[in-house]
Every structure is written in C-alpha cells, then in structure tokens.
Amino acid sequence: MAGRDKARFVCQACGAVAAKWAGRCEACGTWNSLVEEVAAPRPGALARPKSASRGIPLVGLAGTTPPPPRRATGIAEFDRVLGGGLVAGSAVLVGGDPGIGKSTLMLQAAARLAASGQSVVYITGEESIEQVRLRARRLGLAEAPVELAAASHLPDIAATLEARPGIGLVVIDSIQTMWLDNFDAVPGTLTQVRAAGFELVRLAKTLGFALVLVGHVTKDGAIAGPRVLEHMVDAVLYFEGERGHQFRILRGVKNRFGATDEIGVFEMTDHGLAEVANPSALFLAERRGHIAGSAVFAGIEGTRPVLLEVQALLAPNAGGTPRRAVLGWDAGRLAMLLAVLESRCGLRLSGNDVHLNIAGGLRINEPAADLAVAAALISAASETPTRPDTVYFGEVGLSGEIRQVAQAEARLREAAKLGFASACLPLRLARGGKRLAPPEGLQLTEIGHLGDLLASFAVAATARKAGKNTG
Ligand code: TYD
Ligand code: MG
C-alpha cells in the first residue's frame, strides 16, 4: 500500500488526472477544479476476497428475456419520467440544485412505495433523523413504514442492506456524502463518489432492489461529482426549476428502460410536491391577454404537449452594447432570430435591449418555439398584442422561411382542449404531403415566411419608428 500512496490531482469537473497541481484543468479548461486525491485501489475493491474465475455462458441473439419487474411509485409524474416505475435491480440518479426539492420528492416516493407494502430504506447523509422526521410530519407522511437511517459510511450501509433480503427501494440522499475508508479522499470528491456509486449499483444488482441516488448539481447545471456516475446508472433524471417559482420539472436525460425527454411537472406547495396533471392550464393561468409582447407557444415535452407563454420586452438601449436577457430559452437562438428579423424582414431591434422570458420557469429546447418567440418580439416591437386565442409553433430558418416541426396535430389538439380558437403554423407545401386534420373549431393560419407574420401585425416597423420619432 505504501508504494501506491502517490499523490495525484483529479479534476472535479471532468475526472481528468494530473500528476501535479495546476490552476486550470488541461483536459476541460475548468479553473480551480484540481483536488489532490491519493491513488488507491480500484473502485469496488471493497476488501472482498477475489473469487475464483469460472466460465460464463454465451447465448445467441434470438430468445426472450422477461422484462424486469417494475414498481410504480404511485406518483404519476415521477413514474412517467421513469418510463412506468422503478425497475428492480436498477439505479437511478436524481440530480438538481440544492434546495430544489430532491429530498422532498424522494421522501414522498419512498413513503408511497412503503405504504403500498414495499420494504423501503431511506439513508440520509446530509440531514439528521430529526430533520427528516420533521419533513415527513410536514408532508403528512410520518405514518409511512419507511425505514430511516442517518449514515454515510458505505461499508456499514452495505452490511446493513446485505443483512436484509427483500428490500424494494433504497434511497441514498446524497451520493456526495457517502465515503469508503480505503480511499484517502474526502467525501464528495470524484474518487469517493465513483467508488461509492459503483458499490451501491453493485449491491442493487445483486440484492435486486431499486436504487435512487440523489446528487447535487453545481450552479452552471453540470453534475460535477455525480457526472462520473452517469454511465454507471440506468437512468439519469434532473430536477429543475427556478427557485422563486413554484413549478418543478423532472426531466429524463438517460433511461435504459424508457423514453428520455419525458418530463414530470410538479408544484412546490406547503405540503410538498403536488403533481400537475395539466401543465398547460397552470403555465397559462397567470397570462393576461391583450398585452403586447406575449405569445402562446404550443410545445411538446417528451410525449406530452405543453402550452407556454413567451414574453418579450423591448427597452431603448441607454448606450453601449444592447442587453439580451433570456430566461428559459437559448440566447444563441434569440440572436439568430433577431438577425433574421432584421436582415430578412427589415425589423431593426439592434438599438433595443431585448428581454425574453418563458413564463412559469420551464426551459424550452425545441426549435419549434422560434415562431412564438418571433411573434412575441414583433408584437412587442409593434406594440400590438397577439390574438389571445392563438397559439404559435414553427421553426425559423436563416432565410426567414418557416419550417415544419414534428407532432403538429398533438399541438393543435392541446390548443383546442384549452379553448384556443386559432393556430399560426408552418405552411404545408403542396408536396403531396398529408393534410392536417385540425380539431373542430380550430382555425389554421399557415405561413411560409417570417415576413408574412410581420405583415399580419399590420404595422410596418418603419411606420412605427416614424410614429415614435414624431410622438
Ligand atoms: P429539499 O427537498 O430539501 O431540497 P434538496 O433536497 O433538493 O436540497 O427542499 C427544500 C425546499 O423545499 C426548501 O426551501 C423548502 C421547500 N419545501 C416546501 O416549500 N414545502 C414543503 O412541504 C417542503 C418539505 C419543502
Ligand atoms: Mg436534500
């Protein structure tokens, strides 16, 4: 062991190993991320005698294996993102900012499963037993038969779990607090997180319980330590949302047992996280019609259509570089759209500060939002409200053309369901393509170019400018 105690420096952001300390990681460029860790036995070498090697059976491609058993937690929004429930023997990483509600959600899921007769163990390495009990009381779950422990020494936890057959679910809150003593690094470092994760995943597979690892994410959105676990676990879910908003989104980014891109929507209340079965209605609840700079986007999150309000505000720039403040959308995409509006449609916004916000705190990644953002911008520029009963979707190309997007009919159905009367969408070119079958009562306005949208606001940008200069 003495000969192997060589110091090495591990980047906590990407896992690169350096022989000597430097201010900046050479592999990923992150500053101040190198931490000294002592080279130690390989992860997983948890003082276990080496078993004798034996042959492994090789099988053909044909043949069937029964699907692994799933346990629905009973929290539908959580189960949806999981792809139907927790799979026995699998590991799920739940990442998110501190304070976003990970422990709350996991305690609720644990209590539900326990109440349905499963054996559930909740290990907290961050809070005291009393703190968890307090939360359970507040959530009205104090009676649920969850077995609780405050521990962070992994060998103790492993021994405890191994001594109890038939556990259904184990929650580790959080993986960053777990440690093994044959590593010199402090808990939370890559070496410890990787080793603890490996050991827990191995336990889940051999003992057959579903494992949930809670992991904290750094401010910039990267799961710094737990990132190294992403390839080890079967599913990675991110819990996100703006701290000041009550909405929380659980987003699947990897799932070996289901679809990714699925979202679960929750609302943080006084009694914990409440499921939001109809997110569109909630996201639009505070919308005020007839205000310039607002447009409703008919989006798709995973398999589910979601209507969202896009808000744009233009302010005269006081001098210097104009501000581009974006919440919930991609700043590069906004820059592209502003350039297209200026170069292809003659709408100059470069002298303005532009603020763009997706109301409700959801983050949109779809290019289909382009048309709604453009509508909000044009509406703000022309000081003309969009029709409050209209939804928008479509991708904008660099020449200003409006491009088709997937799942148009699902978007239209959601709009009709929520009482919208019309939709502004990409023109279906006469390519023999399938005609859209819009829901009854929904009027379609198909447009081929961003210029058509601008024209529909009936106020030419130049005329508005002239009016402003005299007024
Ligand atoms: P928590 O689950 O501790 O977050 P994490 O584990 O991700 O760090 O949630 C913390 C926040 O949630 C805290 O600011 C208080 C709030 N909260 C509620 O609003 N209502 C509740 O019923 C609970 C339990 C927490
Ligand atoms: Mg917590």
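Predicted model: local features only at pLDDT ≥ 70, side-chain atom pairs only at ≥ 80, totals over all residues.

Residues are numbered from 1 along each chain as its sequence is written, chains are lettered from A and ligands numbered from 1 in the order in which they are written, and side-chain values use heavy atoms, leaving out hydrogens and water.

**Overall make-up**

- The protein chain contains eleven helices and 23 strands; these are DSSP runs numbered from the N terminus, with helices (H or I) of at least four residues and strands (E) of at least two.
- Of the 471 residues in the protein chain, 47% are buried, where buried means under 20% relative accessible area, exposed over 50% and partly exposed in between, with a 1.4 Å probe and protein chains only.
- Among contacts (heavy atoms within 4.5 Å) between residues at least 6 apart in sequence, 69% join residues at least 24 apart.

**Helix H9**

- Helix H9 spans residues 408–417, and its buried residues are Ala 408, Ala 410, Arg 411, Leu 412, Glu 414 and Ala 415.
- These buried residues pack against helix H6 (279–283) and against strands E15 (294–301), E16 (304–316), E19 (390–392), E22 (422–426) and E23 (443–447).

**Packing of H7 and H8**

- Two packed helices are described by the angle between their axes and the distance between the axes.
- The axes of H7 (residues 331–345) and H8 (residues 370–382) cross at roughly 60° and come within 11 Å; axes are lines fitted to C-alpha atoms, for helices over the stretch in contact, with angles from 0 to 180 degrees between N-to-C directions.
- H7 is therefore oblique to H8, since angles under 35 degrees count as roughly parallel, over 145 as roughly antiparallel, 65 to 115 as roughly perpendicular and the rest as oblique.
- From H7, Arg 333, Leu 334, Met 336, Leu 337, Leu 338 and Leu 341 meet Asp 370, Val 373, Ala 374, Leu 377 and Ile 378 of H8.
- The residues of this contact comprise nine nonpolar, no polar and two charged; Ala, Val, Leu, Ile, Met, Phe, Trp, Tyr, Cys and Pro count as nonpolar, Asp, Glu, Lys and Arg as charged, and the others, Gly among them, as polar.

**Salt bridges**

- The structure holds 17 salt bridges, each a side-chain nitrogen of Lys or Arg within 4 Å of a carboxyl oxygen of Asp or Glu.
- Asp 234 forms a salt bridge with Lys 205, their closest N and O atoms being 3.8 Å apart.
- Asp 234 lies in the loop between E10 (210–216) and E11 (235–240) and Lys 205 in H5 (residues 190–207), so the pair ties together parts 29 residues apart in sequence.
- Asp 234 is buried at 5% relative accessibility, whereas Lys 205 is partly exposed at 47%.
- Asp 234 also forms a salt bridge with Arg 256, with the closest N and O atoms 2.8 Å apart.
- This pair links distant parts of the chain, 22 residues apart, with Arg 256 in the loop between E12 (247–255) and E13 (263–269).
- Arg 387 forms a salt bridge with Asp 389, the closest N and O atoms being 3.3 Å apart.
- Glu 77, Arg 80 and Arg 304 are joined in a network of salt bridges.
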